[in-house]
Amino acid sequence: MTTKFDAIMPIVPRPDVVFVAGAGSWITDEQGHSYLDFVQGWAVNALGHGHPAIIEALRRQAAQLINPSPAFYNRPMIDLADRLIANSVFDQVFFANNGAEANEGAVKLARKWGALHRDGAYKIVTFENGFHGRTLAMMSASGKPAWETLFEPKTPGFIKVPYNDLDAVAAAIDDRTVAVMLEPIQGEAGVIPATTAFAKGLRKLTREKRLLLIFDEVQTGIGRTGSLFAYQHLDVEPDIMTLGKGVGGGVPLAALLTTKAVSCFEPGDQGGTYNGNPLVCAVGLAVLDTLLRPGILEEVHARGRYLSQGLSAVAKRRGLGKVRGRGLLLAVDTLQRNATAIAADAFEQGLLINAPRPDTLRFMPALTVSEVEIDRMLEILEVILSFGDA
Ligand code: PLP
C-alpha cells in the first residue's frame, strides 16, 4: 500500500504531519495545529520563523539579482564577508551551502597549507563523538559511533581521540599531522562543552607543533552561545572557523573563514555553482545586522540564563541530570528515562524538542525566544515528565 509520503526517501523517522507556516517560535501544520518550536530547523532559524528582516532581504534580493555565477563578485557576498571579518579575528571568507561543505573546505585548506608549509603534512586530529556533517569525508572526520562501519571505505587522514583530553591529542600528533579540528561545544554528541583549559591547551600545543587549529562553529556560531562566536568565550583564536546553520537564518548558507597567514587557496582549488550567491548572502547579512544591533546578544545571553535556570528547576523536581551548554544551546540528561520517547510525547503536546542521544534532550530555540515562550515550554515539559506519576 502506498501512502502520501512514499515519494520521499525515508532518511529520518518523521511524524505524519506536514508543516505549512511559521512565525517566531511557533510552527503550524496543515491541520492548523501550532507547535512551540525549540528545535528551529536544528538550530538554523536564528531569528525564528518568518522574521521580517529575512523576508524583506529575500524579497528585495530576489527582485534584484539571484545568481550572476560565482565567477563574478556580487554586492551581498562582499558586504557579508566584510561584516564577518569586521566582527571576528579572520581576514578572508569562502561561502558554502551547508556546514559539511564548509568543513570540507576547511580540510582542503589545511591540506593545501600542509602541502605548502609543512612538507605535505595532511592528517587531522578530530574527536570521538564529534559531528562535522554527512559528506563521505565529513563522515570520516566525525566520531559518531553509528557511522564507524557505514559507507566504507572511509576517507583516510582523520585520527580520532577522546574530547577534552589534551594528552590524547598530543599522543596522536606525528610529523604528518597538519591540524586539530573540533566543535567548541559538541552539539550532536549531546551538548558537551570543551573546557577552557582544553581549548587553551590545544592552542598552545598546535602553535608549538606548527599545526592549524580548526573550530567547527556550524552549531555554536552566530550568537547561539550568547556571544557571536564560541571561540570568544574560550578566549582562544583558531586559525580556521566554519559557520553554517544560524548564519543563513534558515536558508542554505555556510562559510569558511581564515586568517591571511593561512588563506592559501588558488583559483581552481575550491568553488561551487551556488557559493556566495546574492540571494542567500543577503539573508546572511540581514541575520548578522539584526544580531549585531546593540543589546541583542546580551538578550540572548539573558534568555539562555533564564532557560537554564528554568530547566534546572524542572530537572531537579523531576529527577533529570544537570543542565549543560551555553546561551541558547542547552541539554539535560534524562537518566533512566527515554529521551526519544519524551521528545515524541512533547510533539503530541505541541512542543518540538530534540533528543540527540537516547538519554539527552536538547534545547535550541530561536535566539529571539521570549521568557513567556520559555515558561510555556517548561510547563509542557513538566507535564510530560509527570506522565506515569501516581
Ligand atoms: N558541523 C556541526 C557542528 C554540526 O552540528 C552540523 C550539523 O548538525 C554540521 C557540521 C553539518 O552541517 P550541515 O547539515 O549544514 O551540512
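Buried means under 20% relative accessible area, exposed over 50%, and partly exposed in between (1.4 Å probe, protein chains only).

## About the model

This is a predicted model, in which local features need pLDDT of at least 70, side-chain atom pairs count only at pLDDT 80 or more, and totals for chains, interfaces and linings use all residues. Residues are numbered from 1 along each chain as its sequence is written, and side-chain values use heavy atoms, with hydrogens and water left out.

## Aromatic pairs

Let's start with the rings, which pair if the centres of Phe, Tyr or Trp (its six-membered ring) lie within 6.5 Å; planes under 30 degrees apart are stacked, over 60 edge-to-face, and the rest tilted. The structure holds 8 such aromatic pairs. In one of them, Phe-19 and Tyr-35 have centres 5.3 Å apart and planes at 80°, so the pair is edge-to-face. Tyr-35 is buried at a relative accessible area of 7%, while Phe-19 is partly exposed at 33%. Ring pairs also link Phe-19, Tyr-35 and Phe-347 into a cluster.

Phe-90 and Tyr-231 form another edge-to-face pair, with 5.9 Å from centre to centre and 85° between the planes. Phe-90 is buried, with a relative accessible area of 1%, and Tyr-231 is buried at 4%.

## An open sheet

Now for a sheet: 4 strands form an open one, ordered E13-E14-E17-E16, with antiparallel pairing. Strands are DSSP runs (E, at least two residues), numbered from the N terminus, and two of them pair if DSSP finds at least two bridges between them. E13 (323–326) and E16 (354–357) stand at the edges with a single partner strand each, so one side of each has no neighbour in the sheet.
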